[in-house]
Amino acid sequence: MLDPIKIFHDVAIGKIIDKKWAGQPHEAFKHLANSSKGDAAEEFIKIYTEALGFKIENRVSRLGDWDVKINGKTFEVKCATEDIAGSFQFNHIRYDSRYDYLLCLGVTPNNLVFDIWPKGEVATGLAGNLVSMGKNQNSSFKLTKKVDALKDIHKLEKTIFKIFKK
């Protein structure tokens, strides 16, 4: 007797393009829904910076211009997983949102990388080339970064302290 569930499963397994995540420490993260990945990144930044001694303020609404407020400065947090080419696509970056810093967190199969730019550097292209997310659309952009263009996560503490000159 044909088992449609097994056939579907076999087809789905065969469509896995990026096998480099299999059995790696961050494999579960790769399988999260995109909104859950973003929520996890924001929560990580909150917990980490609070543990460093910074004051964290939660936003009132899920919708808004920024994700995390650290010592009164607002951060838009973007998260992406490494693609098969070794790059990250940080999506839905907006020029019209009001935030002080853009923090991009990249998740590889076994590591974390990041960078932080003041909004002025994002707006002037110093953070990298922003590309429109859609044809004839100019409100939401993506920033592509190679793994080696970002900083190892162990440099996050020093980077955050430098921003606040602590």
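Trainee: In what order do the elements run from the N terminus on?
Mentor: From the N terminus on, the order is α-α-α-β-β-β-β-β-β-α-β-β-β-α. Keep in mind that this is a predicted model.

Trainee: OK, and how many helices and strands does that come to?
Mentor: Five helices and nine strands.

Trainee: What box do the C-alpha atoms fill?
Mentor: Roughly 65 × 40 × 35 Å, taken along the principal axes.

Trainee: How much of the protein is buried?
Mentor: Buried residues account for 40% of the 166 residues. As for contacts, take those between residues at least 6 apart in sequence: 61% of them join residues at least 24 apart.

Trainee: Let's do helix packing. At what angle do helix 3 and helix 5 pack?
Mentor: About 75°, and their axes are 11 Å apart. Helix 3 covers residues 34-51 and helix 5 covers residues 156-164.

Trainee: So are they roughly parallel or roughly perpendicular?
Mentor: Roughly perpendicular, because an angle of 65 to 115 degrees counts as that, and helix 3 and helix 5 are therefore put in that class.

Trainee: Which residues meet there?
Mentor: From helix 3 you have Phe44, Ile45, Tyr48 and Thr49, and they meet Leu156, Glu157 and Ile160 of helix 5. By class, that contact of helix 3 with helix 5 has five nonpolar residues, one polar and one charged.

Trainee: Staying with helix 5, which of its residues are buried?
Mentor: Leu156, Thr159, Ile160, Phe161, Ile163 and Phe164.

Trainee: And what do those buried residues pack against?
Mentor: Quite a list: helix 3, strand 2, strand 3, strand 5 (101-107), strand 6 and strand 9 (151-152).

Trainee: What happens just after helix 5?
Mentor: Lys165 comes there, with a positive phi of about 50°.

Trainee: Where else does a residue other than glycine have a positive phi?
Mentor: Asn71 is one of them, with phi near 45°. Asn71 lies in the loop between strand 2 (68-70) and strand 3 (73-81), and it is partly exposed at 30% relative accessible area. Another is His92, with phi near 60°.

Trainee: Where is His92 found?
Mentor: In strand 4, residues 87-93. With 46% relative accessibility, His92 counts as partly exposed too.

Trainee: Switching to rings. How many aromatic pairs does the structure hold?
Mentor: Seven. Among them is Phe54 with Phe161, a tilted pair at 5.1 Å centre to centre and 50° between the planes.

Trainee: Which parts does that pair tie together?
Mentor: Phe54 is in the loop between helix 3 and strand 1 (56-57), while Phe161 is in helix 5, so the pair ties together parts that are 107 residues apart in sequence.

Trainee: Are Phe54 and Phe161 buried or exposed?
Mentor: Both are buried.

Trainee: Which residues do ring pairs link into a cluster?
Mentor: Phe54, Phe75, Tyr101, Phe161 and Phe164.

Trainee: What sits over the ring of Tyr99?
Mentor: The charged end of Lys119 does, 5.1 Å from the ring centre.

Trainee: New topic: Val113. Where is it found?
Mentor: Val113 is in strand 6, residues 112-118.

Trainee: Buried or exposed?
Mentor: Buried: under 20% relative accessible area counts as that, and Val113 has 4%.

Trainee: What does Val113 touch?
Mentor: Leaving out residues up to four places away in sequence, Val113 touches Phe88, Cys104, Leu105, Gly106, Val147, Leu150, Lys151, Asp152 and Ile153.

Trainee: How far is Val113 from Met1?
Mentor: They are 112 residues apart in sequence, and 49 Å apart in space from C-alpha to C-alpha.

Trainee: Last one, Asn110. Where is its place?
Mentor: Asn110 sits in the loop between strand 5 and strand 6. At 51% relative accessibility, Asn110 counts as exposed.

Trainee: Which residues does Asn110 touch?
Mentor: Gln24, Pro25 and His26, again not counting residues up to four places away in sequence.

Conventions:
Residues numbered from 1 in each chain as written. Predicted model: local features only at pLDDT ≥ 70, side-chain atom pairs only at ≥ 80, totals over all residues. Heavy atoms only, no water. Axes fitted to C-alpha atoms, helices over the stretch in contact; angles between N-to-C directions. Helix = DSSP H or I, 4+ residues; strand = E, 2+ residues; numbered from the N terminus. Parallel < 35°, antiparallel > 145°, perpendicular 65-115°, else oblique. Contact = heavy atoms within 4.5 Å. Nonpolar A, V, L, I, M, F, W, Y, C, P; charged D, E, K, R; others polar. Phe/Tyr/Trp six-rings, centres within 6.5 Å; stacked < 30°, edge-to-face > 60°. Buried < 20%, exposed > 50% of the residue type's maximum accessible area, 1.4 Å probe, protein only. Lys NZ or Arg CZ within 6 Å of the ring centre and 35° of its normal.
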